[in-house]
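Open the structure in your viewer and keep the selection panel at hand. The stops below say what to select next.

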Amino acid sequence: MERLQNLIDGTLRPAQSGRWLDVHAPATGEVFAQLPDSDEHDVELAVQAAKRAAPGWNALGREGRSKVLLKLSELIERDLDEFARAESRDNGKPLSLARKVDIPRAVANFRFFATAILHFPSEAHLMDDVAVNWTDRQPIGVVGCISPWNLPLYLFTWKIAPALAAGNCVVAKPSEVTPLTAYRMSLLCEEAGMPPGVLNIIHGLGPKVGAAITAHSGIPAISFTGGTRTGAEIARVAAPMFKKLSLELGGKNPVLVFADCDFEEMLATTVRSSFTNQGQICLCGSRILIHRSIYDRFKEAFVERVKALRVGDPDDPASDLGAVVSKDHMEKVLAYIALAKEEGGRVLCGGERVVLEAPLKDGWYIAPTVIEGLDGRCRTNQEEIFGPVVTLQPFDDEEQAVAMANHTPYGLAAVVWTRDLKRSHRVARALQAGIVWVNCWMIRDLRTPFGGMKQSGVGREGGVDALRFFTEAKNVCIKL
Ligand code: NDP
């Protein structure tokens, strides 16, 4: 059985403890690999290596660093098929999705930040005849990047690419549930020309490795994507240490469907925004709010489309949904469906585990589920489920729709469907969400600020926001 390794100081090695954790394939439930069960001792080695590497990496300059990152993006692209297979096997997502979205986006992340750093400006402020100020943006030194399991390589690289481009050395932890593609990438670092110690990847459990990164005094900045509860724990430890923190957390995103929308386009996109990646994307719309005048039409057409979705072997190009990521997660999602029923919800389709034929019979599959009849205040409509489950609720007017949309502790993303230009502006501005899509979903321009309001996060990543996060601004004031 394959044993993955940590990448520390340019070398691949097991955890110092010698302990291992199992990696499961969600499609079959089988254990197919092991990863190092690392702890604070491995993090310490990584921090020391990163500190040693930092001056040299910074001295390479923007162009030198850019070349290494571009090379890494080319190598991932060269091996795209192998990466996509690893991602699908590790996460349970359809192979077609990993090929089309996850891995190309990881390639794009490196390519984008490798070139963005070449155009990253510093500002100057002239005070007439008094002085000139210019803003120096220097790398922080060693930064920590912690990422989740839902879009494993996509989100891992979304953090480490800007961190490295800006001149930092990185101690990174991928999710223990999906370590495979981060490990595959660590095998390419030397070929890309990455100096030892610049990128260190430590595998293992959140409460051990993630907590050690969070608490380490030699890591003054942390970029984290994951659940809101984990984000709160990280903030609790890091804030009194005055660390820079970027937190990309959970969501409970609304989709607002007005009667004047392009119905067919809305319908097709709403099926995608509900169930892509088994609903395990922080940007998926899980609360669909529909104008009462088209509620029944929507419900009938939507449920018909959802029933036609195929849950199946992730390797089969005909599968729309694969497996959810773990047994624990499957049980959590099924418990939420049971809760929805207790709260008075009516399951219009799905609502149960799907058992496929051998060799997939022990895999963790859930039928895409649509629920109606629930009030916006119930737990089903307030808490993040992060699976293939959506609720339908009618609204009577725009004001009520916005109030319902904003009525959760979260504020990550929202989708608005209308052909009324004025309404689209009004509603977009009134929504408490860091990202609003009008008449579309998941169109991503990597230059735009990405992140959430309220309990969906603190700070923004993407474009110059990420480069600003991963640098310290210093104002230099020179008297004229
Ligand atoms: P978790 O918060 O459980 O884990 C995220 C990462 O943090 C993992 O690497 C995890 O390790 C690690 N971790 C766990 N505990 C700690 C700790 N005490 N200290 C430091 N690190 C720790 O999230 P999930 O992996 O379950 O991901 C799903 C969540 O991520 C959802 O809430 C989703 O909304 C959110 N998300 C947000 C996005 C955004 O951009 N806003 C994008 C994608 C997902 P381990 O795997 O070992 O537990």
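Start with a term: a salt bridge here is a side-chain nitrogen of Lys or Arg within 4 Å of a carboxyl oxygen of Asp or Glu. This is a predicted model, so local features need pLDDT of at least 70 and side-chain atom pairs count only at pLDDT 80 or more, while totals for chains, interfaces and linings use all residues. Residues are numbered from 1 along each chain as its sequence is written, and side-chain values use heavy atoms, with hydrogens and water left out.

**Stop 1: a salt bridge**

Select Arg52 and Asp9. They form a salt bridge, with the closest N and O atoms 3.0 Å apart. The pair links distant parts of the chain, 43 residues apart. Arg52 sits in helix α1 (residues 40–59), and Asp9 in the loop between β2 (6–8) and β3 (11–13). Helices (H or I, at least four residues) and strands (E, at least two) are DSSP runs, numbered from the N terminus. By the salt-bridge rule the count comes to 28.

**Stop 2: two domains**

Colour 2–249 plus 456–479 as domain 1, and 253–445 as domain 2. These bounds come from an automatic or database domain assignment. The domain centres, taken over C-alpha atoms, are 30 Å apart. Now select the contact (heavy atoms within 4.5 Å). Domain 1 gives 25 residues to it and domain 2 gives 29.

How much area do domain 1 and domain 2 bury between them? About 2,100 Å², 59% of it on carbon and sulfur atoms. Buried area is the accessible area (1.4 Å probe) that two parts lose on being put together, summed over both.

Look across the interface of domain 1 and domain 2. The rule finds 0 salt bridges there. It does find 9 residue pairs in polar contact, both residues at pLDDT 80 or more. A polar contact is a pair of N or O atoms within 3.5 Å; within protein, one must be able to donate a hydrogen and the other to accept it, and residues adjacent in sequence count only if both atoms are side-chain atoms.

On the side of domain 1 that touches domain 2, select α3 (80–91), α4 (95–116) and α5 (152–165), which each give two or more residues. α4 gives the most, with 3 residues.

**Stop 3: the ligand**

- Ser147: a polar backbone atom, 2.7 Å from a ligand oxygen.
- Thr230: a side-chain N or O atom, 2.6 Å from a ligand oxygen.
- Leu249: a backbone N or O atom, 2.7 Å from a ligand nitrogen.

**Stop 4: backbone geometry**

Most residues other than glycine have a negative phi, and most peptide bonds are trans. Select Ala358 and Pro359: the peptide bond between them is cis, with omega near 10°. Pro359 is in the loop between β16 (353–354) and β17 (365–366). Asn277 is in the loop between α10 (263–275) and β14 (285–291).
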